[in-house]
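Good morning, colleagues. I would ask you to look at the sequence and the model on the screen before I go through the computed values.

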Amino acid sequence: MDDAQLKLSNQVCFPIYSASRLITKAYKPYLDEMGITYPQYLVLMVLWENDSLSVNQITEKLLLNTNTLSPLLKRMERMQLLQRNRSESDERSVIVQLTEKGKNLKDQAKPIPDQLIKILLTENIKISDVLQLKEMLNEWIKILTEDNKNLE
């Protein structure tokens, strides 16, 4: 095995990991104003798009495990952003719905994506580059999700 394969500077995943952390950090001031964390923001985005989803549907959309999402949902329920109720049609299923407080945060969140794009765009990085990267990452997510299913 060539030692060059183990150099951090040669890894594909490290820049993705670092960029993800730094982008999440860039969101922090905006989310702090709203009193939420980035994972809570993701849950809210899913519910703003389609309210009244099961916990399983949210885990699928966010690529999270139930044991990761459940404590997050409990905290958000204590914050009165959402409510969780057993499904009337399937008692094993928990349905998550936004409260008025959770719905009202949507207006406060609307400018956030544009603010982040402004940070990312430079003389060397155009919106088309950002969109192309997003498409490539979505393709990788699809590939890796399938690969991980094969490992289970």
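This is a predicted model: local features need pLDDT of at least 70, side-chain atom pairs count only at pLDDT 80 or more; totals for chains, interfaces and linings use all residues.

What does the accessible surface of the protein chain come to, and what percentage of it belongs to carbon and sulfur atoms? The accessible surface comes to about 11200 Å², and carbon and sulfur atoms hold 53% of that. Areas here come from the Shrake-Rupley method with a 1.4 Å probe, and for residues only the protein chains shown count as cover.

Residues are numbered from 1 along each chain as its sequence is written, and side-chain values use heavy atoms, with hydrogens and water left out.

I turn to the overall architecture. Seven helices and three strands are found in the protein chain, and from the N terminus their order is α-α-β-α-α-β-β-α-α-α. Helices (H or I, at least four residues) and strands (E, at least two) are DSSP runs, numbered from the N terminus. The C-alpha trace spans about 55 × 40 × 25 Å along its principal axes. Of the 152 residues, 24% are buried; buried means under 20% relative accessible area, exposed over 50%, and partly exposed in between, with a 1.4 Å probe and protein chains only. Taking contacts between residues at least 6 apart in sequence, 50% join residues at least 24 apart, where contact means heavy atoms within 4.5 Å.

The chain has 20 positive and 21 negative charges, and their mean positions are 5 Å apart. Lys and Arg count as positive and Asp and Glu as negative, whereas His and the chain ends are not counted. Each charge is placed at NZ of Lys, CZ of Arg, CG of Asp or CD of Glu.

Next comes the largest pocket. About 2300 Å³ of space lies in it. Its lining numbers 43 residues, and those closest to the centre are Tyr-38, Lys-134, Leu-137, Asn-138 and Ile-141. For the definition, a 1 Å grid is laid over the protein atoms alone; a pocket is an open set of points where a 1.4 Å probe fits, with protein on both sides within 12 Å along at least five of seven lines, and lining residues have an atom within 4 Å of a point. Grid points are joined across faces, edges and corners, and the volume is the space filled by probe spheres set on the points.

Which helix gives the most to this lining? It is α7, with 13 residues. The helices that each supply at least two lining residues are α1 (13-34), α2 (38-49), α3 (55-62), α4 (66-78), α6 (112-120) and α7 (127-151).

Most residues other than glycine have a negative phi. Ser-52, in the loop between α2 and β1 (53-54), has a positive phi near 70 degrees. Ser-52 counts as partly exposed because its relative accessibility is 33%. Gln-80, in the loop between α4 and β2 (82-86), also has a positive phi, of about 65 degrees. With a relative accessible area of 54%, Gln-80 is therefore exposed.

Beyond its neighbours within four places in sequence, Thr-99 is in contact with Gln-80, Leu-81, Leu-82 and Gln-83. Why does Thr-99 count as buried? Its relative accessibility is 18%, so Thr-99 counts as buried.

Ser-93 lies in the loop between β2 and β3 and is likewise buried, at 18% relative accessibility. Leaving out residues up to four places away in sequence, Ser-93 touches Ser-54, Asn-85, Arg-86 and Ser-87.

Gln-115 and Ala-26 are 89 residues apart in sequence, yet 9.5 Å apart in space, C-alpha to C-alpha. Ile-117 touches Ile-127 and Val-130, residues up to four places away not being counted. Between Ile-117 and Glu-139, 22 residues apart along the chain, the C-alpha separation is 21 Å.
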